Amino acid sequence: MPFTEVEGRRLALSNLDKVLYPATGFTKGEALHYYVSVADVLLPHLRGRPVSFLRYPDGVDSTAFFAKNVPPGAPDWVTVHEITKVSSTPLQQVLIHDLATLVWAANLAALELHTPQWRVEHEVHADRLVFDLDPGPGAGVLECRTVALWLRERLAADDITLLPKTSGGKGLHLLASIEVTPSSTVSAYAKRAAQEAERAMPDLALSRMAKALRPGKVFVDHSQNAAAKTTAAPYTLRAKQQPSVSAPLTWDELLAAEHPDELAFSAPGMPARVKRTGDLLEPLLDPALVRPLPGT
């Protein structure tokens, strides 16, 4: 078993040649390399947020393991925080604050990294707002774009700036930096905005999850603002046929896209994109851009 040293931490790496994405031959070693390559832009979005892992030790075509609690055998230097307010029993969750912990997690085949909209210092009080635009059968990312543009304008009227990223699948995520607010209040605000979108675009936007209503429409999922829910982190891999990435976008490139493929990003090309664009979600980290929700 090979060993490596990362920031003074000695790590055992395993099965680096194992193919985790059979359709492309993308290996576990390549997944580790990807996370190291984007760590500078990824880690700031994980800092302070308990991470839930979606692990695929035998690849994306095999059984997945969703882990909120710290996996057994974690090194004693991995930062673990007790989360007490989101479930009936306390959770022992990992905080990924450094490259060594990120590499350790990737070595567990934790392909997907998910975080809540709150940080541990203000548990169940969100500092981010999120919409997950999820297209139903017959719709896709370009239909999501139409809904995203409406939501962008609607929230701008409340002085809230939404920033887009791909979900890593067929949809879009919209994020905003907000003043620390009870998650229940944020959830209620997001639900009202989703309902307004449905009223404004009844043939396209949907605020309810009912499967029978989904064909040809975009579900504006507001539920991920709930304290117990999580969203795929920026730059995380996704467990699709391709090693796709939840990639930050500019509104200009979202507007300019003429085909869904222009809004699909995978791990091999992301490091070069990040080098060219920097972190397009960096404004989420700027305290000067934090805004209150209306009425709070």
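The points below go from the annotated domain to one loop and then to the salt bridges.

1. First, the ground rules. This is a predicted model, in which local features need pLDDT of at least 70 and side-chain atom pairs count only at pLDDT 80 or more, while totals for chains, interfaces and linings use all residues. Residues are numbered from 1 along each chain as its sequence is written, and side-chain values use heavy atoms, with hydrogens and water left out.

2. On the annotation: an unreviewed UniProt entry gives residues 27-280 as "domain: DNA ligase D polymerase". UniProt positions follow the numbering used here, feature names are shortened, and annotations may be inferred rather than shown by experiment. The span 27-280 is 30% helix and 23% strand, and its end C-alpha atoms lie 27 Å apart. Helices (H or I, at least four residues) and strands (E, at least two) are DSSP runs, numbered from the N terminus.

3. Do have a look at threonine 161, in the loop between α4 (141-156) and β11 (163-166). Threonine 161 counts as exposed because its relative accessible area is 54%; the cut-offs are under 20% for buried, over 50% for exposed and partly exposed in between, with a 1.4 Å probe and protein chains only. Leaving aside residues up to four places away in sequence, threonine 161 touches Leu175 and Ala176, where contact means heavy atoms within 4.5 Å.

4. How many salt bridges does the structure hold? There are ten, each defined as a side-chain nitrogen of Lys or Arg within 4 Å of a carboxyl oxygen of Asp or Glu. One of them joins arginine 154 to aspartate 158 (3.0 Å, N to O), and Arg154, Asp158 and Glu196 are linked in a network. Arginine 154 is partly exposed, at 23% relative accessibility.

5. Aspartate 159 and arginine 291 also form a salt bridge, at 3.0 Å, N to O. This pair links distant parts of the chain, 132 residues apart: aspartate 159 sits in the loop between α4 and β11, and arginine 291 in the segment after α7 (270-277). Aspartate 159 is partly exposed at 45%, as is arginine 291 at 24%.

6. Lastly, arginine 273 meets glutamate 253 at 2.6 Å, N to O. Is arginine 273 buried or partly exposed? Arginine 273 counts as buried because its relative accessibility is 7%, whereas glutamate 253 is partly exposed at 25%.
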